[in-house]
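Visitor: Could you walk me through this structure, one question at a time?

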Amino acid sequence: MPAKGMLLSSSPHSFTPVSTPRIMLSVLIALVPASAYGVYLYGFSALALILVTMASAAAAEFVFRKLIKASTTVSDFSALVTGLLLALTLPPSTPLWMGALGAVFAIVVAKEFFGGLGANPFNPALIGRAFLLMSFPAAMTTWTLPQGLIVGPDAISSLSLAQGAVDTVTAVTPLGLVKSGKTLADVGTYLGTHSDGELLKQLFLGYHSGSLGESSILLITLGGLFLLGIGVIQWIIPVAVLASTFLFSWVLGMNPVFSLFTGGIAFGAFFMATDYATRPLTPKGQILFGIGIGLITAVIRKFGGFPEGVTYAILIMNIATPFLNKMRVKKYGFVPPVKPAKPSKEAAR
Amino acid sequence: MAVKTFKGGAHPPERKERSSGLAILRLREVKLVVVPVNQHFGAPLQPLVKVGDNVKRGQKIADAEGRMTVPVHAPIAGVVKKIEPRTQSNNSEGPCIVIEALPPPAEGQPALAPEELVDFMPPLDPFACSKEEALARVRAAGIVGMGGAGFPAHVKLAPSKPIAVVIANGAECEPFLTIDERSLIERADDVVEGVAITMKIVNAPEGVIAVEENKVHAVPLLEKAIAASPRTRAGMKIRVQLLKTKYPQGGEKMLITAITGKEVPSGGLPMDVGCVVQNIGTLLAMVDAFKEGKPLIERGLTISGGACTKPANVVAPIGTPVADIIAAGLAQVDEEKLGMVIYGGPMMGVAVPNYQIPVQKNTSGVLLLDTVEAKHYDEETCIRCGRCMRACSCRLSPALLAVAVEAGDYKEAEKIGLLDCIECGTCSFVCPSHRHLVQRFRVGKQILRALKQKEAQNAR
């Protein structure tokens, strides 16, 4: 007979090898192509912004949890994911201290105040970005031209862009141009392309001004497909977000393909709207969640004060998540409850 | 053959390669058996023997009145030594009858005649006798569902609704276990016969032997047995159905859905969709009960696990302490590496403190896990990844159900489907945070049932 004590526990006694750190690590890996492209476009300062933001997020989580005497959770890598996600949504010229501040706000206020991993109602990275956007609107809407992309003075004058606001260093995003009333052809002129097809190709590849990591639709989709392939995210939300953005952009009279290829919608669809804690868990809820994000994005882009609306679209739909979680699938063997028979008129009398 | 399955589920490591190629061994010499009095789902039994009584092999030693009762028989000839509470395979104490085998006759003494040692019933032809006679035989033979629940077979075989299909559950979706696989291979004829007997009793027009793809090598043997069976030659329709290898494919509801496409209604029984599902071991016990008049006094089980240096598929008398099977050399264990003992499979089996506990009617396997396999994880916070939502074969939204149960909101929990949980444990298996999901649901179900009972009493 065994002399030592046997482990007694309630079944199951077999466990998946998938763990939270492994999931978070795979998200970091999926973001490598988009991040690397951002560094390629904007150079060392972009890399510095990414690293400072990630380090600040991890440090904020570590220090805050020490202060409140909670267990250390930095090793689950979720703070690093938040930091990286935030950095990739910032303009490349964002000062490092601003990135750090955004990361601290995201982790402490949006995540830890609510109880940490899994308990936050709003996407922490997007809260960080929204916080910076409100606090420093100028810095957060100043865009840089990618290295090697030269916008000639001819293009600037022919588009009659305000002098000073745009020069060869400071740039406008394609969505910014459209917001200021320019056409797709004008965007093409600005980016130096010669046809709509060429323009869309350049937008898809990501060679234009924008947030650090959200310009290349190609690389973002690759990262998203990687996460889909290994089962870290599911297809419902990205497909619903993209399809709904396409549809509502078209309904509101915007070029639907252009809408998908610019701004943060692809990044949001694959990496922000799929955030575990803040998206609905039920398939039906996820479909409505995605549709809502597409709709709000299109409406903000068309009618809002900002050229881009993905951040707010996702945050607004985050509010709906607890409600959308009530839309459960019917359980196995569901039997509709029998309604009590209405008392007949005879009986009522 | 089209491979069928259900939605959801998971793929725990199979680990069947350790014992799937090993022929079933029979334990011959048994010195002592510890027979739990209650081995079925239903009302408790009363022992029919006293300490000091001589019992024959196959003699009824415990029984009770009532529909939900199944008698228990002496697995060996011997003397009743004790009747006392002992630890059972569900890790709780219950009354057990301890029988010591008769010593071999002393020098010069004549051996006892077989009729003094064995007390079987006369054979009965299930295809010639009445349904009532057949059901009486199934009960008299002490047959229960041998897959785990121990539901009385004579109750299952007397459905109040017409049955369209009898399903032989050869899915064996629990990792490690291979006893059903070996039985399908070594006793294919009897499996087919068991299906035919069940079809005759419930008057079903079709029989399906369902096996997972990892046992595809058993299919030609089963098809040969079907073709050769006098029952199919007489017109009975029996076929083999391959199923995807996926846990919990062998769950009764999942099996029915995979094969018929129908869902057992919430709170209902398989008969509500015209099905009767029988475990392979149960079918073999039925064949023995009719052909030889032999009650359920022995069963096959797999002994395996990382600390089991010599795994085995064995047939042993009910009540045999598993330690005695190992002592007899049929299987071997590395005591140094042993970290956990499980009666049943790793997904639904019960962890127990030692392997002295006897084989019971529902013991399909005993796992001796090594210290690496015997894992214990601390529960971490739910990251709301949704893996349990997709894995739940009953579509119960475990993540949301757990929130309701933890909050004590049993009204909401019932609405989500707490009582529909089959406790397969897939949710806890797939959870990257090792949340105790099914464990909460098990406790929650009991609390909810108690609450409902109280409510019903108050309403009166």
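Visitor: What is the mean pLDDT of chain A?
Guide: This is a predicted model, where local features need pLDDT of at least 70, side-chain atom pairs count only at pLDDT 80 or more, and totals for chains, interfaces and linings use all residues. Residues are numbered from 1 along each chain as its sequence is written, while chains are lettered from A and ligands numbered from 1 in the order in which they are written. The pLDDT is the predictor's confidence in each residue, from 0 to 100. In chain A, 91% of residues reach 70 or more, and the mean is 90.

Visitor: Which element of chain A has the lowest mean pLDDT?
Guide: Helices (H or I, at least four residues) and strands (E, at least two) are DSSP runs, numbered from the N terminus. Where pLDDT is low, predicted coordinates should not be read in detail. Helix 4 of chain A has the highest mean, 98, and the lowest, 53, belongs to helix 18 (residues 345-348) of chain A.

Visitor: How many helices and strands are there in chain A?
Guide: The C-alpha atoms of chain A fill a box of roughly 80 × 75 × 35 Å along the principal axes. The elements of chain A are 18 helices and two strands.

Visitor: What share of the residues of chain A count as buried?
Guide: A residue is buried if 20 or more other C-beta atoms, placed from the backbone, lie within 10 Å of its own; it is exposed if 12 or fewer do, and partly exposed in between. Of the 349 residues of chain A, the buried share is 50%.

Visitor: Why does A:G102 count as buried?
Guide: A:G102 sits in helix 5 (residues 96-111) of chain A. Leaving out residues up to four places away in sequence, A:G102 touches A:T53, A:L86, A:G128, A:R129, A:F131 and A:L132; such contacts need C-beta atoms, placed from the backbone, within 7 Å. A:G102 counts as buried because its C-beta neighbours inside 10 Å number 30.

Visitor: Which helix gives the most to the side of domain 1 of chain A that touches domain 2 of chain A?
Guide: The domain assignment, which is automatic or from a database, gives domain 1 (21-140) and domain 2 (234-329) in chain A. Between them, 14 residues of domain 1 of chain A are in contact with 11 residues of domain 2 of chain A. On the domain 1 side, helix 4 (78-88) and helix 6 (124-135) of chain A each supply at least two residues. The one that gives the most, with four residues, is helix 6 of chain A.

Visitor: How far apart are the end C-alpha atoms of residues 46-64 of chain A?
Guide: UniProt, in an unreviewed entry, places the feature "transmembrane region" at several spans of chain A, including 46-64 and 126-145. Its positions are given in the numbering used here, feature names are shortened, and annotations may be inferred rather than shown by experiment. For residues 126-145 of chain A the ends lie 24 Å apart, with 70% helix and 10% strand. Residues 46-64 of chain A are 100% helix and 0% strand, and their ends lie 27 Å apart.

Visitor: How many residues does the contact take from chain B?
Guide: From chain A, the contact takes 33 residues. That side of chain A divides into 17 nonpolar, 13 polar and three charged residues. From chain B, the contact takes 54 residues.

Visitor: In what order do the four strands of the open sheet in chain B lie?
Guide: Two strands pair if DSSP finds at least two bridges between them. Strand 2 (32-36) and strand 4 (54-55) of chain B are the edges, each pairing on one side only. The pairing is antiparallel, and the order is 2-8-7-4.

Visitor: Which residue in the hairpin of strand 7 and strand 8 of chain B takes a positive phi?
Guide: Within these paired strands, B:P85 has B:P95 in strand 8 of chain B as its bridge partner. The hairpin has five residues between the strands, and the one with a positive phi, near 65 degrees, is B:N91.

Visitor: Which residues of helix 2 of chain B are buried?
Guide: The buried residues of this helix pack against helix 3 (153-156), helix 5 (188-202) and helix 9 (280-291) of chain B. Just after helix 2 of chain B, B:G142 takes a positive phi of about 70 degrees. Within helix 2 (residues 131-140) of chain B, the buried residues are B:A134, B:R137, B:V138 and B:R139.

Note on methods: Contact = placed C-beta atoms within 7 Å. Nonpolar A, V, L, I, M, F, W, Y, C, P; charged D, E, K, R; others polar.
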